[in-house]
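Have a look at the sequence and the model, then read on.

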Protein chains: 2
Amino acid sequence: MAVFASGSYDPDSITKYSSITEQIPRRSIQDPETYQLIKDSKPVVITDTNLVTSASKWDLEYLNKNLGDGLFYVYTSNDNRFKYFDNKRAEKCKSFVTPSERHHVTFLQFLQMLKRCARTKEKVYLQQTLNDSVGTNIVTDFLQFNWDWVNKCQAAYGWGSLSSNLLLIGLEGNITPVHYDEQENFFAQISGHKRCLLFSPDQFDCLYPHPVAHPCDRQSQVNIANPDYKKFPRFRNAHATEAIVGPGDVLYIPMYWWHQIESLSSRIPPVTISVNFWYRGTPLPDVIQYPLSPQQRVSVMRNVEKMLAAALGDAEKVGELLRTMVEGRYTQ
Amino acid sequence: MAVFASGSYDPDSITKYSSITEQIPRRSIQDPETYQLIKDSKPVVITDTNLVTSASKWDLEYLNKNLGDGLFYVYTSNDNRFKYFDNKRAEKCKSFVTPSERHHVTFLQFLQMLKRCARTKEKVYLQQTLNDSVGTNIVTDFLQFNWDWVNKCQAAYGWGSLSSNLLLIGLEGNITPVHYDEQENFFAQISGHKRCLLFSPDQFDCLYPHPVAHPCDRQSQVNIANPDYKKFPRFRNAHATEAIVGPGDVLYIPMYWWHQIESLSSRIPPVTISVNFWYRGTPLPDVIQYPLSPQQRVSVMRNVEKMLAAALGDAEKVGELLRTMVEGRYTQ
Ligand SMILES: [Zn+2]
Ligand SMILES: [Zn+2]
């Protein structure tokens with residue numbers, strides 16, 4: 001029973017990246033391997049979860065009727081990249097030029113922005129946490145998500161609580177550039193196709209994230225479509241694993257795994273729609289095993305950067321202190 | 001009343017260093033400036049403390065008669081440099097070649113080693129914490145140190161407790177290379193002359209100390225008589241302040257100030273004799289003022305290095321993690 005709009009994507013529109021070396025496995029909800037992969041914090045596309053089947057009817061018209069009069073965060077960008085930034089930090093840091101603009105608009109205004117985009121090079125991306133301002137039909141759809149399955153997963157892997165569901169509505173070509181999240185994520189595709197590139201957490205050194213106090217914390221500085229190898233030489237060693245997800249697919253993005261998500265070209269439907277299920281991570285074990293996992297190393301580095309900013313009373317001074325600690329002392 | 005053996009040193013024997021730009025002030029115990037300098041954690045030679053006047057009669061013969069049958073730490077070196085190393089760490093780290101050899105010998109054996117040195121290029125340095133195994137005459141001399149004055153200083157500056165008194169007996173040309181101590185030090189000269197070069201704690205970046213977990217923790221990697229500017233380019237910016245101390249002089253070496261101490265040439269007396277008075281530092285204030293002092297910055301860096309070694313379960317892995325944190329992220 002094909003409940004999701006079929007649609008398709010244009011294979012010629014897919015950018016070539018040198019760093020892709022393998023494909024993320026696609027597995028059924030029945031397949032024991034699915035659960036071994038999740039347990040091992042490895043990405044997997046799960047094909048038949050029915051996680052968001054109740055949302056398969058979501059299109060722009062239905063959402064416009066039912067999302068309600070609330071305001072939605074909509075980002076606009078002059079290129080197709082929507083690099084995340086922390087809005088509060090961006091406002092404090094006057095030298096920071098935001099890579100996209102954030103707007104707070106009604107759904108109808110968003111639809112008008114979409115129309116304008118057809119005539120310009122501007123791209124637009126709605127990214128809004130689902131909250132209780134939505135209409136009753138959306139609430140009903142939401143309650144019919146396959147909570148039974150995700151709750152069982154959450155319990156089985158000892159994840160923390162569900163922190164939020166983010167609704168994403170994007171245009172073809174929209175890219176969320178490489179970054180990692182500090183949460184477990186079931187990324188559920190509702191409409192259109194997205195190409196997902198994932199890099200394992202042991203590639204921190206290849207991906208050069210911004211300093212922790214930067215507005216683009218957790219985002220790689222590398223534009224992987226056009227890498228600056230002079231500034232980021234170790235990106236040559238990076239290798240991604242890839243999946244194209246379509247309606248009904250759920251991609252498990254493990255915590256601290258780097259990912260870039262790209263909306264693929266298609267005319268029908270005109271947009272991609274996805275919903276994130278973000279869970280807090282598993283609490284640390286009482287007894288730490290050595291050597292640390294790549295994820296634990298990332299956490300240690302984040303804590304050192306935060307601690308130094310606090311100790312020095314100024315995040316801007318962290319770099320100088322770290323350089324003094326390293327140069328000529330821990331260099332080879 | 002000249003209680004100390006006069007003696008002298010050979011001015012021609014003094015190595016030229018490019019980094020010396022000023023002289024440490026010499027001030028009387030009566031001079032209010034002495035106390036302002038100590039309060040400001042600035043070095044000063046105090047000329048008439050009578051701190052170790054009771055030890056002015058100490059020479060090799062008197063010490064041999066009165067030091068007792070205990071064992072003394074004596075270091076031998078094939079060049080004239082006696083770079084400090086932590087013996088326990090050196091034993092654990094098999095790749096580490098000790099810069100000098102440590103022996104545990106009677107005072108008579110030390111005197112025999114001194115005689116052998118006259119015929120070879122080997123140098124010898126006695127460095128022994130004074131303890132209660134010494135004979136009664138030495139105890140009497142020790143009790144007649146000017147405790148009244150040092151105790152008043154300790155109280156006035158809020159220093160912690162006296163941690164130890166180190167007796168140093170060295171040969172002309174012996175060098176204790178550049179390092180810092182984590183304690184306040186009244187360095188009391190008893191016999192012969194020593195040249196002391198001090199660098200302020202804000203020159204950490206110019207002096208490239210070994211990693212904290214290294215056997216030579218707190219020691220600069222730079223040989224200031226023959227600097228490797230390729231490995232240590234910022235040493236070009238280093239600038240030292242200098243004093244030559246003779247019998248009866250007390251040099252205040254503030255905590256975290258870098259220092260190199262060199263025994264100067266003279267035939268009479270044939271050795272230099274000094275005693276360190278080491279005090280634990282002032283406890284941190286409840287409210288930290290920003291920006292941090294250079295001393296506090298050093299302390300923060302030491303803590304990060306220790307914390308990372310503990311978090312990673314292996315001090316050998318600190319360098320790689322710090323480089324990953326810095327390279328391409330906190331570099332300019
Ligand atoms: Zn993400
Ligand atoms: Zn010292």
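This is a predicted model: local features need pLDDT of at least 70, side-chain atom pairs count only at pLDDT 80 or more; totals for chains, interfaces and linings use all residues.

Residues are numbered from 1 along each chain as its sequence is written, chains are lettered from A and ligands numbered from 1 in the order in which they are written, and side-chain values use heavy atoms, with hydrogens and water left out.

**Zinc sites**

- In chain A, His179(A) (NE2), Asp181(A) (OD) and His259(A) (NE2) hold the zinc ion (ligand 1) at 2.1 Å; donors here are N, O and S atoms within 2.8 Å of the metal (3.2 Å for Na, K and Ca), and water is not among the atoms, so sites may look incomplete.
- Along the chain, the donors of ligand 1 are spaced H-x1-D-x77-H.
- That brings together distant parts of the chain, 78 residues apart: Asp181(A) sits in the loop between β8 (175-179) and β9 (184-191) of chain A, and His259(A) in strand β13 (residues 258-263). Helices (H or I, at least four residues) and strands (E, at least two) are DSSP runs, numbered from the N terminus.
- Both Asp181(A) and His259(A) are buried, where buried means under 20% relative accessible area, exposed over 50%, and partly exposed in between (1.4 Å probe, protein chains only).
- Over in chain B, the zinc ion (ligand 2) is coordinated by His179(B) (NE2), Asp181(B) (OD) and His259(B) (NE2), at 2.0 to 2.1 Å, and His179(B) and Asp181(B) are buried.

**Domains of chain A**

- UniProt (unreviewed entry) lists residues 131-294 of chain A as "domain: JmjC"; its positions are given in the numbering used here, feature names are shortened, and annotations may be inferred rather than shown by experiment.
- Chain A splits into domain 1 (11-280) and domain 2 (294-326), with bounds from an automatic or database domain assignment.
- Between them, domain 1 and domain 2 of chain A bury about 960 Å², 66% of it on carbon and sulfur atoms; buried area is the accessible area (1.4 Å probe) that two parts lose on being put together, summed over both.
- Phe204(A), Val212(A) and Tyr256(A) supply 53% of the area that domain 1 of chain A buries against domain 2 of chain A, more than any other three residues.

**Helix α9 of chain A**

- Eight of the nine residues in α9 (residues 318-326) of chain A are buried, among them Leu321(A), Leu322(A) and Met325(A).
- Their cover includes α8 (294-312) of chain A, plus α7 (204-207), α8 (294-312) and α9 (318-326) of chain B; contact means heavy atoms within 4.5 Å.

**Lys57(A)**

- Lys57(A) is in the loop between β3 (44-46) and α2 (60-66) of chain A, and its relative accessible area of 43% makes it partly exposed.
- Its side chain makes a polar contact with the side chain of Asp141(A) (3.1 Å). A polar contact is a pair of N or O atoms within 3.5 Å; within protein, one must be able to donate a hydrogen and the other to accept it, and residues adjacent in sequence count only if both atoms are side-chain atoms.

- Most residues other than glycine have a negative phi, and most peptide bonds are trans.
- The peptide bond from Tyr290(A) to Pro291(A) is cis, with omega near -5°.
- Ser41(A) has a positive phi near 55°.
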